[in-house]
Amino acid sequence: MKQKIKNLIIDAITCAYEKGDFSEKSVPEIEVEVPKITSHGDFSTNIAMVTASVQKMPPRKIAETILKYIKDPDRILAKTQIAGPGFINFFINTLSWHSVLRKIHQEDVVYGASNIGNGKKIQVEFVSSNPTGPLHVGHGRGAAVGDSVANILRFCGYDVQKEYYINDSGRQIDTLGKSVYLRYRELMEENIQFPDECYQGDYIRDYAKEIIALKGKALLDQDEEQSIFFCARFAAERIIKDIRKDLMDFGIEFDNWFSEQSLYDTGKVNAVIEDFKEKNIIYEKDGALWFKTTNFGDEKDRVVVRKNGQTTYFASDIAYHMDKFERGFHRVIDVWGADHHGYIPRVTGAIEASGQSRDRFNVILVQLVNLLREQVPVAMSTRAGEFVTLNEVVQEVGRDAARFIFLTRHHESPLDFDLELAKKKTNDNPVFYVQYVHARISSISRKSRERGLYELEWNETAVLMLQEPEEINLIKAMIRYPEVVEDSAKYMEPHRITFYLMDLASSFHAYYNKHRVLSDDPLLSKGRLYLVLAVQKVIRNGLSLLGVSAPDRM
RNA sequence: GCGCCCGUAGCUCAGUGGAUAGAGCGUCAGCCUCCGGAGCUGGAAGUCGCUGGUUCGAGCCCAGCCGGGCGUACCA
């Protein structure tokens, strides 16, 4: 619809130029928007004001000229007007609105989809939590955001891969092994001083117990280093298995699990370092190897190989991101916790250094989650090993509520997550508010079958009965949906869909409360049923992009 | 110190250059003979942190300041 308006304007300007009424032919990007105030029309454009300086004419005069030349072959316009400093307002024929209902029913599960991605390969990497402990609520938010962004991009025509990067190498894995090993010895009734730098959580003891069940005392009889290595591998594998299960319970499945260790095994980390040395962007200082990230906008250079010969996490990260591009991804998106934001310039630098354009790489930063219960913060301290896991939250409030609430804020804005609120079944809880629309329409649908009114065929006379303001309002809301999806893909902001759904739900509840769908008038009933079933489809489509179910009964 | 993010109604937040700044919660006043009341309608509530600038037009862009969070490792 918006595009149709744009075309009318472009044609009018071209025509005015040809007739000599405009001195300038070029047309800037035309912006057509839906005014906030209904009396300003269904659509409006600021084109007259924007081109005033170019055309050397007053805005209102330009607006008049455009209107003079506007043609409307499909008769979609009911009225036009010039308002304020030079806005052109368009009022659309109600008839033109109704055709979208047919479109929604025809397109069904793909209504709102587009092909702006044009089949380009794009990767979304998210969660990528270290395999040193279970996922906590913060990871849950990153998971919800990453998964939803990936879904949205896929819906917009990208060829999307969801990837999890496993940091199964380096110091933290050693620490994990040491932690489990020490708990193991402790359980063997040795007096152990458990160090602060080791992982404190109870789950470490659980793994130690499992090892005892499996191996008995065997680990005490062998070389300590060997035992720690065994504990590390055992625990890491168990943790990854648990993480995978927690994510499954959260409704998230990855296309690929990528091992950091594999980058060392295939020699890719060393290869990158050698390559950068040749390019003269890695140098030696104080016994360490430094990558000149300052060449690429970072505030200081970064170490890739430490004095003791060990590579840093950054070194494998360079190799990892190069590998992503080698795998043919046109764009690469990382979802990180906001506390890692200082890391962006160096990774961007690495990407540029390896010959890729920096705008093919995007980072979505996800802010922290404050877990509350009845408005009171739930105490959490990772250091003491006290944290609420994602799984506990999902068990308590359910997958749908958790996922939806994670997406009720802009991802860069901190989020208060109230466990009690998430369980409430009132309109305080946005999840139920939206899902309730779907269930309610399912109920109407069932009722309509009982009464023999159910029909999904396009029936123009029935649909044209829809003239109530609340009905037009619903139709207009649904017309907006494809654009909302496109914008949330463009800006990688799933919360736009969440807000849209809450808005659509509100319009529906208002309509439902005021007008009966199924009445004594069969034709009107059919028209209204056709309308609400369209609403149901849009709600269901939107929820599925968020990874939330659309129940028929609640 | 420097860098990034945030500052919008009592609270939690939408709003990435348009006209009279919105929603939920809370508050006040109402709505069930009826398709699911897990719902709806209406009112009150604002110096968009402050000060300048850019332009036809700024909550949005730019500069400076104030307040909060995070980062600033040869940790991840």
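Which domains does the domain assignment of chain A give? I looked this up before anything else, keeping in mind that the model is predicted. The assignment lists domain 1 (2-92), domain 2 (370-405 + 414-422) and domain 3 (427-546). I then took the centres of domain 1 and domain 3 over C-alpha atoms and found 32 Å separating them.

**Entry: the five-stranded sheet**

I traced an open sheet of five strands in the order β7-β6-β5-β11-β12, with parallel pairing. β7 (256-259) and β12 (361-366) stand at the edges with a single partner strand each, so one side of each has no neighbour in the sheet. I noted that neighbouring strands here are turned by 25 degrees against each other on average, direction ignored.

I went on to the pair at the β12 end. Strand β11 (residues 331-337) runs parallel to β12, and six bridges join them.

Helix α6 (residues 137-155) packs on it and touches β5 (121-125), β6 (159-166), β11 and β12. The direction of α6 makes about 155 degrees with that of β6. Helix α14 (residues 344-353) lies across β11 and β12, and I recorded about 165 degrees between α14 and β12.

**Entry: the three-stranded sheet**

I found an open sheet of three strands, ordered β14-β13-β15, with mixed pairing. β14 and β15 are the edge strands, each pairing on one side only.

β13 (residues 369-373) and β15 (residues 415-418) pair in the parallel sense over four bridges, and Asn 370 stands opposite Asp 416 in β15. β13 and β14 (residues 376-377) pair in the antiparallel sense over two bridges, with Leu 372 opposite Pro 377 in β14.

I also looked at the turn in the hairpin of β13 and β14. Two residues lie between the strands, and Glu 374 takes a positive phi near 50 degrees.

**Entry: the surface near RNA strand B**

I listed the residues around RNA strand B and got 61, the closest being Arg 409, Asn 427, Arg 440, Tyr 491 and Arg 516. By class, I recorded 23 nonpolar, 18 polar and 20 charged residues for this surface.

Which elements each supply at least two residues of the surface near RNA strand B? I found α2 (47-50), β4 (87-92), α7 (171-187), β9 (288-291), α18 (430-450) and α21 (495-514). The largest share, eight residues, comes from α18.

I turned to the RNA side of the contact. Of the atoms of RNA strand B within 4 Å of the protein, 62% belong to sugar or phosphate, and the rest belong to bases.

I then read off individual atom pairs. A polar side-chain atom of Tyr 436 lies 2.5 Å from a sugar or linking oxygen of RNA strand B. What does a backbone N or O atom of Val 517 lie 2.8 Å from? I found a base nitrogen of RNA strand B at that distance.

Technical notes:
Residues are numbered from 1 along each chain as its sequence is written. Chains are lettered from A and ligands numbered from 1 in the order in which they are written. This is a predicted model: local features need pLDDT of at least 70, side-chain atom pairs count only at pLDDT 80 or more; totals for chains, interfaces and linings use all residues. Side-chain values use heavy atoms; hydrogens and water are left out. A residue is near a molecule or strand if one of its heavy atoms lies within 4 Å of it. A polar contact is a pair of N or O atoms within 3.5 Å; within protein, one must be able to donate a hydrogen and the other to accept it, and residues adjacent in sequence count only if both atoms are side-chain atoms. Ala, Val, Leu, Ile, Met, Phe, Trp, Tyr, Cys and Pro count as nonpolar, Asp, Glu, Lys and Arg as charged, and the others, Gly among them, as polar. Domain bounds come from an automatic or database domain assignment. Two strands pair if DSSP finds at least two bridges between them. Axes are lines fitted to C-alpha atoms, for helices over the stretch in contact, and angles run from 0 to 180 degrees between N-to-C directions. Contact means heavy atoms within 4.5 Å.
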